[in-house]
Structures are given as C-alpha cells and as structure tokens.
Amino acid sequence: MFIGSFLLGCGQGGQGGPASFPTAAELSEERRRPDGVALDPASTPPRPTNQADAGDSVVTLRAPLGIGAALDVVDEFFRRVVAEDSEALNELLTRDALAIHTGAGGSGQPPSAGLWWEQRFRRLEYGKLAGEPVYRESELQIFRAEDVLTTPQHPAIQPDTLDDQDVVIRVPITTARVATDRLLGDEIVVWLRRDGPRFRIYRLLEDFQLQ
C-alpha cells in the first residue's frame, strides 16, 4: 500500500494533478548558447634575444647554436671555393660580410667578401684544389665571443663589435699552393655571426693579395 501511494505521488503535479512536460513541438527552436567564459586576451610574446637581465619580467631567449653548426659553415665555405661557385658562396655570407687583409699591405677599406671572391675566381683556378686537403679539422682553433675578448685573433676583431653568440675559427691552411699558384693564405680566420637558426660568415681575415 505504501509503495502504491509513493508511485502515485510521483506521477502528480504540485497541485495534485498529473505531471506536465513540454513536447518537442513546444520547445524553442533557438539554439542554446553556452554560458560566457571570461578569457584574458593573449599577449604578444617578446622578441627573442640572446641574453637577458635578472630583473627582466618576461623574456624569450634563443637557444645557443652548437659549435657543429659553425664548423659546417666553414666546411661548406671551402667546398664552394673549390667549386668556384660565387652565388652559392654568397649564401653563406652576411649582407655586410667583409674580406680583411691581415698582411702589411692591408690598410684601406676592406672589400665586400662576395666581390673579393668573385675577383679571385676570375683570376685563379680554385678547381686545382679539388682532391687536396685544404685544411684539417683537428688543427682548427675555435673561440666563442668570451674567448676572443681575452685572446684577440686580430685587431679587426674588437670587443665592442662582437655579439655574444659570435664564433671565431682560425683555419690553418694545409694546401695554400698548387704547383706555382698561390691560391690561399697560410691561414684564414672565419668570423661567424648568428642569423636566426644558423651561422653566416661575417668577416674573413686572410693574408692574401691578388698578383
């Protein structure tokens, strides 16, 4: 008897009548919108930088490039020299890359590195170096910016012109001559500067003159 009364009570409205539910035809056709949620507008992240101070609130730091990336550029540079490919060589240079003569007659405005090598390709046959050991990787001397500050490689490399991620590589040349033709200096100092995700050659320092 108790169970029957309970079921009867569930089937009646608040006034004792039968329960009333809206039919599908009676429901509103307007699409229900979810409750609004407050969002903070996304802020633009700061531009990436190589270093930051401890007092800076929000910074985006670039991960330093490994020395392997710098060595790859040096290797590719000599490959393109041997191929006498001016266009491909220019791809390895910064837009303001210079060729600096390190000998006694090196005064004056240094030429653009790209133009300097174009002149050399016109005057000399660098294809003669094909198959020759131009340099040995085991003999390279590699300097990060902080090393260059304490052991300058050349007066042209000034502390105030160094970026903190610059790499300077001293390359002793194994084969500077082929027969009687002098093609390279006894060493080339390659100063590399970061350009986004890679290094490019910023300065080439060499004791070499066209005859």
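Predicted model: local features only at pLDDT ≥ 70, side-chain atom pairs only at ≥ 80, totals over all residues.
Residues are numbered from 1 along each chain as its sequence is written, and side-chain values use heavy atoms, with hydrogens and water left out. Local features need pLDDT of at least 70 and side-chain atom pairs count only at pLDDT 80 or more, whereas totals for chains, interfaces and linings use all residues.

**First stop: R120.** Select helix α4, residues 113-123, where R120 is placed; helices are DSSP runs of H or I with at least four residues, and strands are runs of E with at least two. R120 is buried, at a relative accessible area of 0% (buried means under 20%, with a 1.4 Å probe and protein chains only). Its side chain reaches the backbone oxygen of L183 at 2.9 Å. Beyond four places in sequence, the contacts of R120 (heavy atoms within 4.5 Å) include L184, E206 and F208.

**Second stop: the largest nonpolar core.** Such a core joins buried Ala, Val, Leu, Ile, Met, Phe, Trp, Tyr and Cys residues through side-chain atoms within 4.5 Å. Among its 39 residues, select F78, W117, Y126, L184 and L192, which touch the most other members. Elements giving two or more residues to this core include α2 (67-82), β3 (93-101) and α4. Helix α2 provides the largest share, eight residues. Apart from this core lies another, of ten residues, including I100, I157, W191 and Y202.

**Last stop: R200.** Select strand β9, residues 198-206, to find R200. R200 counts as buried, at 19% relative accessibility. Beyond four places in sequence, R200 is in contact with residues including E91, W191 and D195.

Terms used:
Buried < 20%, exposed > 50% of the residue type's maximum accessible area, 1.4 Å probe, protein only. Polar contact = N/O pair within 3.5 Å; in protein donor to acceptor, adjacent residues only side chain to side chain.
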